[in-house]
Amino acid sequence: MILVAALWLASVLAGCDDDSTTELDGCRTDNGGCEQICMPRESGGWNCACDAGYVLDGDGSTCSEIDECLVDNGGCQQVCTNEPAGDYTCSCTPGYAIDEDGRSCLDVDECAEGLGGCAQICTNEPAGSYTCSCDPGFSLNNDGRACDPIDPCETNNGGCEQECVYLGPGEAECACGEGFLAPDGVSCVTDPCSFSCQSVELCDLGAIALDDNCDGAVDEGCSCTPGAVQT
């Protein structure tokens, strides 16, 4: 009786072991042929599955990485970069910085620190950019940052007939080595009274128009009588 019971128990255990090993051994041997995950089925056999970030191929055993950037740019506002191991990262184009959410991009104000490298004026622009410019009397250097003083005398002698005197960035005046500076501020005349005087209308200066003549000695220059202007 004891022998029969022992034989029956052994057969039961052998049957259970056969069922369980049928399910488990498939995964224990070469991972069931699965590239990543082998999952035993309760009904027997097993299925292959993949880690997060991967999808099971049509052969039912191998796994291919999912390119999250292909769908809605991975949720990134600007740049989505697919990474190995089923991951991806969001980044931003130059002039922008990634926000705390790891997806959005914020415009960087390059002018907020050191004027963005500009010598005088920095203007932050949309679309992650900025521009350098200069104060009046200066021109922007070819490097796009430095400012060079403008000497009006270097261009067409400042428009002067004889001498151009540089006064500072963007400023100059004309002078005459010979003769006198004409009322136009650029021409030179030998006779300070060679220009004419034109009467001013009464309503212009509220003064009475006087004769068109010239007052002043030659060595003092020439000026028009009250109520008249040089022409």
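**Overall make-up**

I worked from a predicted model, and in it I counted two helices and 20 strands for the protein. I then looked up burial and found that buried residues make up 23% of the 231 residues. For contacts between residues at least 6 apart in sequence, I noted that 20% join residues at least 24 apart. The accessible surface came to about 14,800 Å², with 53% of that belonging to carbon and sulfur atoms.

**Cysteine pairs**

I next asked how many disulfides the structure holds, and the count is 12 disulfides. I looked up several of them in turn.

I started with C27 and C38, whose sulfur atoms lie 2.0 Å apart in a disulfide, and I recorded -70° about the S-S bond, a left-handed link. C27 lies in helix α1 (residues 2-28) and C38 in strand β1 (residues 37-40), so this pair ties together parts that are 11 residues apart in sequence. I found C27 and C38 to be buried.

I went on to the disulfide that joins C50 to C63, with 2.0 Å from S to S, which is left-handed at -90° about the S-S bond. Because C50 lies in the loop between β2 (46-49) and β3 (54-56) and C63 in strand β4 (residues 63-65), the pair ties together parts that are 13 residues apart in sequence. Both C50 and C63 are buried.

C76 counts as buried because its relative accessibility is 6%, and C90 counts as buried at 17% relative accessibility.

Key. Residues are numbered from 1 along each chain as its sequence is written. This is a predicted model: local features need pLDDT of at least 70, side-chain atom pairs count only at pLDDT 80 or more; totals for chains, interfaces and linings use all residues. Side-chain values use heavy atoms; hydrogens and water are left out. Helices (H or I, at least four residues) and strands (E, at least two) are DSSP runs, numbered from the N terminus. Buried means under 20% relative accessible area, exposed over 50%, partly exposed in between (1.4 Å probe, protein chains only). Contact means heavy atoms within 4.5 Å. Accessible areas come from the Shrake-Rupley method with a 1.4 Å probe; for residues, only the protein chains shown count as cover. A disulfide is a pair of cysteine sulfur atoms within 2.5 Å.
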